[in-house]
Each structure stands twice: as C-alpha cells, then as structure tokens.
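Visitor: Could you take me through the charged side chains and the strands of this model, giving the criteria as we go?

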Amino acid sequence: MDRKEGEKALRERIRNGKVSRADVTRRLAELAFGKANDCVRLALEDDPKLGRLDLSLLSEVKRNDKGTVEIKLIDRLRALEQLAAVAEESGEDLEAFLRALQGEENQ
C-alpha cells in the first residue's frame, strides 16, 4: 500500500471512529522523527504552495509588521515520551515497531 492509499484508509478509520493503536503509534513516530523542511519553506518563501507542504510539525506562525517571522514546532520530546509510553504499554519490541514503520513488515 502506498502512502496516499494509507492516508486515505486512515481518514476512513477516523471517520468511522476506528482509529487503532498502530495508527496512533505511527503518527507519534511521524511527529517525533519528521522533518521540518516544509515549515521553514512556509516562513521563507514569498508564495509557497500550501497544498504541497507538510505542516504537521507546525504549532504556530507569527509575522510582525517589520517582516520578522517566528515559527514554533510541536514538542518533539513530548512526542518521543508518548511514543515510548505506547511502546511500553503494548509490550511490543521497539525494533519490530521501527521496522513496521519503515514498511518492512506487513500489517
């Protein structure tokens, strides 16, 4: 299953109220280890294509009248703490979890 199909399936599970522990764990990992490149692009480019940017790590954007831009990202340490708690609660081996995130194991 490619990324777009996976996202579509996740949106369907959210609509149906059937979000799984694996969905939550995967999302926490994406937040904890994701790249902030698109958030920086939003702040620096004059006319960024918003539909193409992954702004999931973005928490806040401020721009003052002098042109100064301030961006705040999510708290990665908190996401890592939550991810560790989920891994401990489920009793799963962290290595197996990371392999699953990389698509090496079938779900």
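Visitor: Is Glu 60 buried, partly exposed or exposed?

Guide: This is a predicted model, in which local features need pLDDT of at least 70 and side-chain atom pairs count only at pLDDT 80 or more, while totals for chains, interfaces and linings use all residues. Residues are numbered from 1 along each chain as its sequence is written, and side-chain values use heavy atoms, with hydrogens and water left out. The classes rest on relative accessible area, with buried meaning under 20%, exposed over 50% and partly exposed in between (1.4 Å probe, protein chains only). Because the relative accessibility of Glu 60 is 29%, its class is partly exposed.

Visitor: Which side chain meets that of Glu 60 in a salt bridge?

Guide: A salt bridge here is a side-chain nitrogen of Lys or Arg within 4 Å of a carboxyl oxygen of Asp or Glu. For Glu 60 the N to O distance is 3.4 Å, and the partner has a relative accessibility of 41%, which counts as partly exposed. That partner is Lys 62.

Visitor: What separates Arg 27 and Glu 30 along their helix, in helical turns?

Guide: Helices (H or I, at least four residues) and strands (E, at least two) are DSSP runs, numbered from the N terminus. The side chains of Arg 27 and Glu 30 meet in a salt bridge at 3.0 Å, N to O, with Arg 27 partly exposed at 33% and Glu 30 partly exposed at 34%. Because they are three residues apart in helix α2 (residues 21-33), the separation is about one helical turn.

Visitor: Which residue in β2 is the bridge partner of Leu 58?

Guide: Two strands pair if DSSP finds at least two bridges between them. Strand β1 (residues 58-63) and strand β2 (residues 69-73) run antiparallel and are joined by five bridges, and in their hairpin, with five residues between the strands, Gly 67 takes a positive phi near 95 degrees. The bridge partner of Leu 58 is Leu 73.
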